[in-house]
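Subject: Structure handover

Hello,

Here is the structure I promised to pass on. Please open it next to this email and follow along.

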Amino acid sequence: MSVGATALGPEALLRLKAEYLMPCVYHFYKSPPQIVAAEGCRLIDHTGRRYVDCYSGVTVMNAGHCNPAIIEPAIRQIRTLQHTTTIYLTEPILRLAEALARVVPGDLKRSFFCASGSEAVEGSLLLARLHTRRPDVVAMTNGLHGRTRWAINVTGLAMWRTDPFPLEDVHHVPFGDARALREMLTQRKGRVAAVIGEPVQGNGGIRIPPSDYWPQVRALCDEHDVLLILDEVQTGFGRTGRWFACQHWQIAPDILAVSKALGNGFPIAAFVTTDRIAASYTRPGASTHGGNPVAAAAALATLAYHHEQRLAERAATLGERFLDRLKGLAEKHCCLCNPRGMGLMIGADITDGHGTADAKRLDSVLEDLKDRGFLCGKTGPERNVLTVMPPLVIEGGELDALADAIDASLEATETRA
Ligand code: PMP
């Protein structure tokens with residue numbers, strides 16, 4: 001593929017970025033490659049170098065980059081009818097709503113489509129307040145839910161809580177601690193509309209709660225007549241080895257927020273609820289881009305692809321095998337600790353070798369992995385969690401090669417340290 005000819009190159013781009021983007025927009029790597037193309041599990045830079053994508057644009061490209069089964073229907077749609085908004089009757093949004101209702105857990109059935117994960121969270125919280133007519137929300141420490149006013153306020157990670165004037169009706173409890181949640185709900189009895197959380201925390205550092213946590217949270221919400229909102233923006237669509245992560249604990253939320261992998265690269269999101277709760281949202285609601293025909297056609301094709309290729313099962317099998325490899329590496333390298341994961345949502349702490357989080361070392365490991373042809377992620381409140389969330393279409397051999405590369409990178413940074 002000849003991709004270099006039209007590329008400005010990383011230096012020129014960094015100059016433009018410094019001048020024209022908000023300073024909050026940051027990127028990984030000291031010398032970032034300019035990504036110009038992609039295919040399956042590969043990202044390609046302006047020199048034609050290919051990297052294995054081990055982060056999926058933060059778990060968006062679950063069905064792989066530029067997947068013909070998804071982009072062809074989207075291209076046909078873009079040539080035929082691109083945009084109308086929901087004030088006109090069109091087919092893709094309704095076929096998508098029906099297809100989504102078939103895969104979401106429990107009695108969830110009715111969707112409101114919007115364009116980003118933040119909006120899906122914002123809408124979920126609005127719906128919970130409309131339905132319960134109560135103001136408060138209980139959220140979890142180290143959760144991440146987006147950048148809109150409500151979403152940023154329910155976020156529990158300090159680095160993403162940018163709003164200088166936090167909302168007073170949001171209360172945080174420690175993630176994974178059902179007793180703390182019980183106390184909070186008892187203390188604020190009659191005031192809480194909803195509890196919101198990620199089933200497995202993504203940005204919080206791939207945190208999996210104790211096995212009885214979610215069933216207990218579900219029971220507590222029922223006991224206190226409070227709605228449970230699950231943010232499956234990261235965990236949804238096969239990432240953890242099931243369609244939705246909550247299915248590992250056989251629970252269903254009252255409202256489910258989804259985005260990212262739903263459109264496999266096309267911006268689309270939704271919050272989904274039951275007939276009963278949806279009945280409270282009768283005042284006019286509209287989202288200009290929500291459920292846009294092109295994004296809806298892409299999402300519909302994405303869901304079909306997930307069914308056909310059994311991507312969730314694939315994630316479960318490949319994830320287990322890769323996690324075993326990481327566990328082996330943790331025995332060999334004292335700076336790689338606590339490998340954990342569900343399906344292909346996998347993380348491990350990088351430490352200084354004596355148990356202290358070492359974000360700098362992770363940065364060197366990531367840089368070294370990039371030079372070896374693997375682009376991995378970084379999460380956690382201390383930014384020291386090596387994070388692996390590749391497209392679910394990745395081959396086992398590529399994950400084996402990634403494990404070998406992590407081994408070599410850790411070795412290299414240990415020698416340098
Ligand atoms: N919820 C979760 C769990 C997320 O990880 C994110 C984004 N990383 C969001 C919500 C916000 O999504 P968006 O960036 O599409 O607004």
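A residue counts as buried under 20% relative accessible area, as exposed over 50%, and as partly exposed in between (1.4 Å probe, protein chains only). By that rule D275 is partly exposed, at 36% relative accessibility.

Some ground rules first. This is a predicted model, where local features need pLDDT of at least 70, side-chain atom pairs count only at pLDDT 80 or more, and totals for chains, interfaces and linings use all residues. Residues are numbered from 1 along each chain as its sequence is written, and side-chain values use heavy atoms, with hydrogens and water left out.

Salt bridges

A salt bridge here is a side-chain nitrogen of Lys or Arg within 4 Å of a carboxyl oxygen of Asp or Glu. How many salt bridges does the rule give? The count is 26 salt bridges.

Start with D275. Its salt-bridge partner is K109, and the closest N and O atoms are 3.1 Å apart. K109 lies in the loop between α4 (91-103) and β4 (110-114), while D275 is in helix α9 (residues 275-278), so the pair ties together parts that are 166 residues apart in sequence. Helices (H or I, at least four residues) and strands (E, at least two) are DSSP runs, numbered from the N terminus. K109 is partly exposed, at 42% relative accessible area. R110 joins in as well: K109, R110 and D275 are linked in a network of salt bridges.

Next, look at D400 and R321. Their closest N and O atoms are 2.7 Å apart, and the two form a salt bridge. D400 sits in helix α13 (residues 396-416) and R321 in helix α11 (residues 311-332), so this pair ties together parts that are 79 residues apart in sequence. D400 is partly exposed at 25% relative accessibility. R321 is partly exposed too, at 43%.

Now try D349 and R340. They form a salt bridge, with 2.9 Å between the closest N and O atoms. Are these two residues buried or exposed? D349 is buried, with a relative accessible area of 19%. R340 is buried as well, at 14% relative accessibility.

The ligand

Which residues are around the ligand? Among them are S116, G117, S118, H145, R147, E198, D231, Q234 and K260. Each has a heavy atom within 4 Å of the ligand.

- G117: a backbone N or O atom lies 2.8 Å from a ligand oxygen.
- Q234: a polar side-chain atom lies 3.0 Å from a ligand oxygen.
- K260: a side-chain N or O atom is 3.0 Å from a ligand nitrogen.

Taken alone, the ligand exposes 390 Å², and the protein buries 86% of that. These areas come from the Shrake-Rupley method with a 1.4 Å probe; for residues, only the protein chains shown count as cover.

Two loop positions

T85 lies in the loop between α3 (68-80) and α4. T85 is partly exposed, at 23% relative accessible area. T85 and G291 are 206 residues apart along the chain, yet their C-alpha atoms are separated by 7.9 Å.

G353 is in the loop between β12 (345-350) and α12 (359-371). At 24% relative accessibility, G353 is partly exposed. G353 and A408 are 55 residues apart in sequence and 16 Å apart in space, C-alpha to C-alpha.

Best wishes

Key. A polar contact is a pair of N or O atoms within 3.5 Å; within protein, one must be able to donate a hydrogen and the other to accept it, and residues adjacent in sequence count only if both atoms are side-chain atoms.
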